[in-house]
Amino acid sequence: MDHGSPDPRLILIFSGKRKSGKDYVTDLMQRRLGPAQCCVLRLSGPLKQQYAQEHGLDLNELLSPGPYKEQYRASMINWGEIRRRSDPGFFCRLATREAWQPVWMVSDARRLSDLQWFWSKFPQQTQSVRVQCSDRTRQQRGWSFTAGVDDSESECGLDRGVEFDWIINNDTDGASLEEQLQPLLKLAVEAADSH
Ligand SMILES: Nc1ncnc2c1ncn2[C@@H]1O[C@H](COP(=O)(O)OP(=O)(O)O)[C@@H](O)[C@H]1O
Ligand SMILES: C[C@@](O)(CCOP(=O)(O)OP(=O)(O)O)CC(=O)O
């Protein structure tokens, strides 16, 4: 890789609707695994950084789960689409360029092109994880349907056509998240140990 680090041993690519809990789950896993073994990479990180700079916005607020980023989401989606159209791997490359840990978790895949980039570059290491929950749970977490966002490729691009390696149900009153994450954590520990 261009950053000179050895290739990762395991890449878990998370996707799911907004407020399904992608950040929550990946943060939880990272706390368990520790920063020396595992990093959380966000494809939206370099996107938000560049977008904030060009539009004079508060990057920290855009990176937070609160309402600020929602005001700009539709515009950020459009802005990102233009970049991706000419170079589908643009944000994947930027998001991964400084990662050196043996386990990577990408918290926000949204389009088939995101997954394809990792599958083609790291075919042995890449596994896909879908985080899902009911709309009711998402509403409890502050979600409401927004036309132009919830019906766009950004939210629906992976609804069909992918057989996910792992599915995590993250409903408020559903199966224990801890239990569901055990096999993934085990996989990550084994990958890190083999580094
Ligand atoms: N299992 C959970 N238990 C408690 N709170 C959760 C859980 N999953 C998600 N949340 C909360 O719901 C909100 C949305 O989750 P987040 O991880 O930001 O979703 P996403 O990244 O998919 O948009 C956050 O405030 C988060 O802390
Ligand atoms: C413009 C975006 O990158 C904004 C993504 O922001 P977050 O990744 O913070 O979103 P959720 O975790 O789903 O709430 C979407 C895109 O289409 O690239």
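User: What makes the pair between Lys48 and ligand 2 a polar contact?

Analyst: A polar side-chain atom of Lys48 lies 2.7 Å from an oxygen atom of ligand 2. A polar contact is a pair of N or O atoms within 3.5 Å; within protein, one must be able to donate a hydrogen and the other to accept it, and residues adjacent in sequence count only if both atoms are side-chain atoms. The Lys48 pair is therefore a polar contact. Lys69 has a polar side-chain atom 2.8 Å from an oxygen atom of ligand 2. The protein covers 95% of the 460 Å² of accessible area that ligand 2 has on its own (Shrake-Rupley method, 1.4 Å probe; for residues, only the protein chains shown count as cover).

User: What do these values rest on?

Analyst: This is a predicted model, in which local features need pLDDT of at least 70 and side-chain atom pairs count only at pLDDT 80 or more, while totals for chains, interfaces and linings use all residues. Residues are numbered from 1 along each chain as its sequence is written, chains are lettered from A and ligands numbered from 1 in the order in which they are written, and side-chain values use heavy atoms, with hydrogens and water left out.

User: Which element gives the largest share of the shell around ligand 2?

Analyst: That is α4, with five residues. Helices here are DSSP runs (H or I, at least four residues), numbered from the N terminus. By class, the shell around ligand 2 has three nonpolar, two polar and ten charged residues (Asp, Glu, Lys and Arg count as charged; Ala, Val, Leu, Ile, Met, Phe, Trp, Tyr, Cys and Pro as nonpolar; the others, Gly among them, as polar).

User: How do you know that Lys22 makes a polar contact with ligand 1?

Analyst: A polar side-chain atom of Lys22 lies 2.8 Å from an oxygen atom of ligand 1, and the limit already given puts that pair among the polar contacts. Lys22 also has a side-chain N or O atom 3.1 Å from an oxygen atom of ligand 2.

User: Why is the aromatic pair of Tyr68 and Tyr72 called tilted?

Analyst: The count comes to five aromatic pairs. In one of them, Tyr68 and Tyr72 are 5.2 Å apart centre to centre, with 55° between the planes. Rings of Phe, Tyr and Trp (its six-membered ring) pair if their centres lie within 6.5 Å; planes under 30 degrees apart count as stacked, over 60 as edge-to-face and the rest as tilted. The Tyr68 and Tyr72 pair is therefore tilted. Because Tyr68 and Tyr72 are four residues apart in helix α4 (residues 68–86), about one helical turn separates them.

Methods
Helices (H or I, at least four residues) and strands (E, at least two) are DSSP runs, numbered from the N terminus.
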